[in-house]
Amino acid sequence: MRITDTLLIDENELEEAFARASGPGGQKVNKVETAVQLRFRLSANTSIPEDAKLRLRRMAGSRLTKDGDILIEASTHRRQGVNRDEARRKLAALIRAALPRPKTRIATKPTKASVRRRLDDKKKRGLLKKGRSGDMTGE
């Protein structure tokens with residue numbers, strides 16, 4: 001399965017299971033298994049970089065199993081093939097989102113002018129509140 005131009009996921013790392021989907025379906029609802037559960041063995045994968053795997057584990061959230069597999073479910077459509085494609089799209093989007101390294105934050109100082117403005121605003125606000133109390137000294 002192609003994720004990006006340079007990243008491919010081996011089909012052996014994917015496992016699909018089918019189940020009966022909930023919701024409307026007419027006469028075939030109790031006999032056709034259209035829901036798809038796609039299991040991706042993240043621990044067995046060698047093509048995704050380790051730092052991206054860590055981000056992927058964090059991003060997967062409740063879709064990550066105790067075994068370290070990512071479980072994607074798709075059951076919105078009435079056809080198995082469409083749900084299968086949707087599950088694969090969801091997995092590819094999740095992996096693509098985990099690939100780029102987040103930018104490191106560079107700590108900056110506020111400018112002197114912004115500090116002065118903030119302190120002036122605080123002083124004005126304090127004087128305004130002090131004026132409400134009936135104590136008109138202002139100090």
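**Figure 1. Salt bridges across the predicted model.** Eight salt bridges turn up when the whole structure is searched. The model is predicted.

**Figure 2. R41 and E15 join two strands.** The side chains of R41 and E15 form a salt bridge, with N to O at 2.8 Å. R41 sits in strand β2, residues 35-41. E15 belongs to strand β1, residues 14-19. How accessible is R41? Its relative accessibility is 27%, which counts as partly exposed. E15 is also partly exposed, at 38% relative accessible area.

**Figure 3. E16 and R88 link a strand to a helix.** A salt bridge connects E16 with R88, and their closest N and O atoms lie 3.2 Å apart. E16 is in strand β1. R88 is in helix α2, which spans residues 80-98. This pair bridges distant parts of the chain, 72 residues apart. Is R88 buried or exposed? R88 is buried, because its relative accessibility of 14% falls under the 20% cut-off. E16 reaches 25% and counts as partly exposed.

**Figure 4. R101 and D51 connect a loop to a helix.** R101 and D51 meet through their side chains in a salt bridge of 2.9 Å, N to O. R101 lies in the loop between α2 and α3 (112-132). D51 lies in helix α1, residues 50-60. D51, at 24%, counts as partly exposed.

Figure 5. Where does D67 lie? D67 is found in the loop between α1 and β3 (69-74). D67 is exposed, with 59% relative accessibility. In sequence, D67 and S43 are 24 residues apart. In space, their C-alpha atoms are 8.4 Å apart.

Notes
Residues numbered from 1 in each chain as written. Predicted model: local features only at pLDDT ≥ 70, side-chain atom pairs only at ≥ 80, totals over all residues. Heavy atoms only, no water. Salt bridge = Lys/Arg side-chain N within 4 Å of Asp/Glu carboxyl O. Helix = DSSP H or I, 4+ residues; strand = E, 2+ residues; numbered from the N terminus. Buried < 20%, exposed > 50% of the residue type's maximum accessible area, 1.4 Å probe, protein only.
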